[in-house]
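Reader: I have some questions about how the terms are applied here. Please set each value against its cut-off.

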Amino acid sequence: MASTPARALKAAARTAPIRSRSKAAAASSQATPAPLAAREPLPRFTLDDRSVAGTQILVYHPTKGVDDFVQQLAVATPLQLVATERHGVAGGLLKDLSRRMEIPAARMFTILGVPKATAEKKSAAGDVVSGSGGQAALGMARLLGMAQDMLAQSTAAEAEGFDSAKWLGQWLERPQPALGGRKPADLLDTPTGLKVVTRLLGAIHSGAYQ
(Lines give C-alpha, C1' and ligand atoms only; values in the text may rest on other atoms or scores of the structure.)
Protein backbone atom coordinates (compact mmCIF):
# COMPACT_ATOMS: atom_id res chain seq x y z
CA MET A 1 0.00 0.00 0.00
CA ALA A 2 1.44 3.36 -0.98
CA SER A 3 2.00 5.82 1.84
CA THR A 4 0.96 9.45 1.81
CA PRO A 5 3.65 12.02 1.03
CA ALA A 6 3.62 13.14 4.68
CA ARG A 7 4.15 9.60 6.00
CA ALA A 8 6.95 8.93 3.52
CA LEU A 9 8.68 12.17 4.44
CA LYS A 10 8.41 11.43 8.15
CA ALA A 11 9.96 8.01 7.75
CA ALA A 12 12.68 9.16 5.38
CA ALA A 13 13.72 12.64 6.40
CA ARG A 14 12.83 12.49 10.12
CA THR A 15 10.87 15.71 9.89
CA ALA A 16 7.43 16.42 11.28
CA PRO A 17 4.64 15.43 8.87
CA ILE A 18 2.24 17.95 7.45
CA ARG A 19 -1.07 17.15 9.08
CA SER A 20 -4.00 16.67 6.78
CA ARG A 21 -6.66 19.30 7.19
CA SER A 22 -9.97 18.53 8.80
CA LYS A 23 -12.84 17.67 6.50
CA ALA A 24 -14.49 20.98 7.28
CA ALA A 25 -11.34 22.94 6.45
CA ALA A 26 -10.75 20.91 3.33
CA ALA A 27 -14.29 21.58 2.13
CA SER A 28 -13.93 25.33 2.64
CA SER A 29 -10.62 25.65 0.80
CA GLN A 30 -9.47 24.64 -2.61
CA ALA A 31 -9.99 20.91 -3.00
CA THR A 32 -7.10 18.62 -3.78
CA PRO A 33 -7.16 17.81 -7.49
CA ALA A 34 -8.64 14.43 -8.35
CA PRO A 35 -6.66 11.85 -10.34
CA LEU A 36 -6.56 12.59 -14.04
CA ALA A 37 -8.83 9.66 -14.83
CA ALA A 38 -11.58 11.10 -12.65
CA ARG A 39 -11.57 14.56 -14.20
CA GLU A 40 -13.55 15.78 -17.15
CA PRO A 41 -11.60 15.47 -20.40
CA LEU A 42 -9.40 18.47 -21.14
CA PRO A 43 -7.80 19.58 -24.39
CA ARG A 44 -4.49 17.84 -24.87
CA PHE A 45 -2.82 21.22 -24.61
CA THR A 46 -3.61 24.91 -24.93
CA LEU A 47 -1.75 26.57 -27.74
CA ASP A 48 -0.39 30.01 -28.41
CA ASP A 49 -0.62 31.35 -31.96
CA ARG A 50 3.18 31.60 -31.89
CA SER A 51 5.64 28.76 -32.22
CA VAL A 52 9.30 27.98 -31.68
CA ALA A 53 10.98 26.11 -34.54
CA GLY A 54 7.53 25.21 -35.86
CA THR A 55 6.31 23.73 -32.57
CA GLN A 56 3.37 25.32 -30.78
CA ILE A 57 3.67 26.56 -27.22
CA LEU A 58 1.85 25.67 -24.02
CA VAL A 59 0.18 28.72 -22.53
CA TYR A 60 -0.88 29.44 -18.96
CA HIS A 61 -4.41 30.82 -18.65
CA PRO A 62 -5.13 32.39 -15.22
CA THR A 63 -8.85 31.75 -15.57
CA LYS A 64 -8.18 28.00 -15.76
CA GLY A 65 -5.68 28.01 -12.92
CA VAL A 66 -2.42 26.35 -11.98
CA ASP A 67 -3.77 22.81 -11.81
CA ASP A 68 -4.97 22.99 -15.41
CA PHE A 69 -1.51 24.08 -16.54
CA VAL A 70 0.07 21.26 -14.53
CA GLN A 71 -2.15 18.80 -16.40
CA GLN A 72 -1.11 20.30 -19.72
CA LEU A 73 2.55 19.82 -18.83
CA ALA A 74 1.87 16.20 -17.93
CA VAL A 75 0.54 15.35 -21.39
CA ALA A 76 2.70 17.65 -23.53
CA THR A 77 5.20 16.17 -25.96
CA PRO A 78 8.94 16.70 -25.39
CA LEU A 79 9.09 19.10 -28.36
CA GLN A 80 6.22 21.15 -26.95
CA LEU A 81 8.05 21.37 -23.63
CA VAL A 82 11.26 22.46 -25.35
CA ALA A 83 9.39 25.12 -27.31
CA THR A 84 7.70 26.38 -24.15
CA GLU A 85 11.00 26.48 -22.25
CA ARG A 86 12.52 28.58 -25.02
CA HIS A 87 9.54 30.91 -25.20
CA GLY A 88 8.93 31.35 -21.47
CA VAL A 89 5.80 31.45 -19.32
CA ALA A 90 3.28 34.10 -18.38
CA GLY A 91 4.46 36.26 -15.50
CA GLY A 92 1.17 35.62 -13.74
CA LEU A 93 2.06 31.94 -13.36
CA LEU A 94 4.75 32.81 -10.82
CA LYS A 95 2.33 34.64 -8.53
CA ASP A 96 -0.36 32.00 -8.96
CA LEU A 97 2.11 29.24 -8.08
CA SER A 98 2.96 31.13 -4.90
CA ARG A 99 -0.72 31.31 -3.94
CA ARG A 100 -1.42 27.69 -4.85
CA MET A 101 1.54 26.44 -2.79
CA GLU A 102 1.11 29.01 0.00
CA ILE A 103 4.59 30.41 -0.50
CA PRO A 104 4.94 34.21 -0.19
CA ALA A 105 5.29 35.78 -3.64
CA ALA A 106 8.62 37.43 -2.82
CA ARG A 107 10.01 34.09 -1.68
CA MET A 108 8.72 32.35 -4.81
CA PHE A 109 10.48 34.91 -6.99
CA THR A 110 13.72 34.28 -5.10
CA ILE A 111 13.36 30.51 -5.43
CA LEU A 112 12.88 30.84 -9.19
CA GLY A 113 15.73 33.32 -9.56
CA VAL A 114 13.55 36.16 -10.88
CA PRO A 115 14.02 39.68 -9.45
CA LYS A 116 10.91 40.84 -7.60
CA ALA A 117 10.55 44.03 -9.66
CA THR A 118 10.79 42.05 -12.90
CA ALA A 119 8.28 39.44 -11.78
CA GLU A 120 5.78 42.04 -10.59
CA LYS A 121 6.11 44.10 -13.77
CA LYS A 122 5.68 41.14 -16.11
CA SER A 123 2.78 39.78 -14.10
CA ALA A 124 0.96 43.12 -14.18
CA ALA A 125 1.61 43.62 -17.90
CA GLY A 126 0.83 40.05 -18.91
CA ASP A 127 4.34 39.63 -20.28
CA VAL A 128 6.40 36.46 -20.53
CA VAL A 129 9.17 35.46 -18.12
CA SER A 130 11.78 33.74 -20.26
CA GLY A 131 15.25 32.33 -19.73
CA SER A 132 16.24 30.55 -16.55
CA GLY A 133 13.39 32.07 -14.53
CA GLY A 134 10.75 30.80 -16.92
CA GLN A 135 12.35 27.35 -17.00
CA ALA A 136 12.45 27.28 -13.20
CA ALA A 137 8.73 28.14 -13.08
CA LEU A 138 8.00 25.24 -15.43
CA GLY A 139 10.11 23.01 -13.20
CA MET A 140 8.13 24.09 -10.15
CA ALA A 141 4.89 23.26 -11.96
CA ARG A 142 6.26 19.79 -12.78
CA LEU A 143 7.17 19.22 -9.13
CA LEU A 144 3.61 20.16 -8.20
CA GLY A 145 2.37 17.58 -10.70
CA MET A 146 4.58 14.95 -9.06
CA ALA A 147 3.20 15.79 -5.62
CA GLN A 148 -0.36 15.56 -6.92
CA ASP A 149 0.40 12.18 -8.48
CA MET A 150 1.82 10.94 -5.17
CA LEU A 151 -1.44 11.82 -3.47
CA ALA A 152 -3.63 10.45 -6.27
CA GLN A 153 -1.87 7.07 -6.13
CA SER A 154 -2.10 6.77 -2.35
CA THR A 155 -4.72 4.45 -0.87
CA ALA A 156 -4.06 5.49 2.74
CA ALA A 157 -6.89 6.99 4.77
CA GLU A 158 -4.77 10.06 5.55
CA ALA A 159 -4.87 11.04 1.88
CA GLU A 160 -8.42 12.35 2.25
CA GLY A 161 -8.35 16.12 2.54
CA PHE A 162 -4.56 16.27 2.14
CA ASP A 163 -3.30 19.41 0.38
CA SER A 164 -0.42 18.25 -1.83
CA ALA A 165 0.39 21.77 -3.07
CA LYS A 166 0.74 23.13 0.46
CA TRP A 167 2.78 20.08 1.48
CA LEU A 168 5.16 20.60 -1.44
CA GLY A 169 5.59 24.27 -0.56
CA GLN A 170 6.55 23.34 2.99
CA TRP A 171 8.75 20.39 1.99
CA LEU A 172 10.77 22.60 -0.35
CA GLU A 173 11.67 24.83 2.60
CA ARG A 174 12.87 21.99 4.85
CA PRO A 175 16.61 21.18 5.02
CA GLN A 176 17.13 17.68 3.64
CA PRO A 177 19.92 15.32 4.78
CA ALA A 178 20.24 13.99 1.23
CA LEU A 179 21.11 17.53 0.10
CA GLY A 180 23.72 18.06 2.78
CA GLY A 181 21.26 19.99 4.93
CA ARG A 182 20.25 22.33 2.12
CA LYS A 183 16.66 23.24 1.34
CA PRO A 184 15.32 21.91 -1.99
CA ALA A 185 13.97 25.41 -2.70
CA ASP A 186 17.51 26.79 -2.78
CA LEU A 187 18.45 24.56 -5.73
CA LEU A 188 15.55 25.19 -8.09
CA ASP A 189 17.02 28.19 -9.92
CA THR A 190 19.38 25.99 -11.96
CA PRO A 191 18.60 23.07 -14.31
CA THR A 192 20.94 20.73 -12.42
CA GLY A 193 19.45 21.71 -9.07
CA LEU A 194 15.96 21.06 -10.41
CA LYS A 195 17.03 17.58 -11.54
CA VAL A 196 18.45 16.84 -8.08
CA VAL A 197 15.24 17.93 -6.35
CA THR A 198 13.10 16.02 -8.85
CA ARG A 199 15.07 12.83 -8.15
CA LEU A 200 14.75 13.36 -4.40
CA LEU A 201 10.99 13.85 -4.59
CA GLY A 202 10.72 10.77 -6.80
CA ALA A 203 12.75 8.76 -4.29
CA ILE A 204 10.38 9.76 -1.50
CA HIS A 205 7.48 8.58 -3.65
CA SER A 206 9.12 5.22 -4.33
CA GLY A 207 10.33 4.79 -0.75
CA ALA A 208 13.95 4.60 -1.89
CA TYR A 209 15.09 7.64 0.11
CA GLN A 210 16.68 6.47 3.35
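Reader: What share of the contacts in the protein with a separation of 6 or more comes from residues 24 or more positions apart?

Author: The model is a predicted one. In the protein, 68% of the contacts with a separation of 6 or more join residues 24 or more positions apart. The elements comprise 10 helices and 4 strands, and of the 210 residues 45% count as buried.

Reader: How many aromatic pairs are there by this rule?

Author: The count is 2 aromatic pairs. One of them is formed by Tyr60 and Phe69, with 5.7 Å centre to centre and 80° between the planes.

Reader: Why is the pair of Tyr60 and Phe69 called edge-to-face?

Author: Ring centres must lie within 6.5 Å, and planes over 60 degrees apart count as edge-to-face.

Reader: What makes Tyr60 and Phe69 count as buried or exposed?

Author: Buried means under 20% relative accessible area. Tyr60 has 5%, so Tyr60 is buried. Phe69 has 1%, so Phe69 is buried too.

Reader: Why is the pair of Trp167 and Trp171 called stacked?

Author: Trp167 and Trp171 have 6.0 Å centre to centre and 20° between the planes. Planes under 30 degrees apart count as stacked, and the centres lie within 6.5 Å, so the term applies.

Reader: Where do Trp167 and Trp171 sit in helix H9?

Author: In helix H9 (residues 164–171), Trp167 and Trp171 are separated by about one helical turn because they are 4 residues apart. Both Trp167 and Trp171 are buried.

Key: Residues are numbered from 1 along each chain as its sequence is written. This is a predicted model: local features need pLDDT of at least 70, side-chain atom pairs count only at pLDDT 80 or more; totals for chains, interfaces and linings use all residues. Side-chain values use heavy atoms; hydrogens and water are left out. Helices (H or I, at least four residues) and strands (E, at least two) are DSSP runs, numbered from the N terminus. Buried means under 20% relative accessible area, exposed over 50%, partly exposed in between (1.4 Å probe, protein chains only). Contact means heavy atoms within 4.5 Å.
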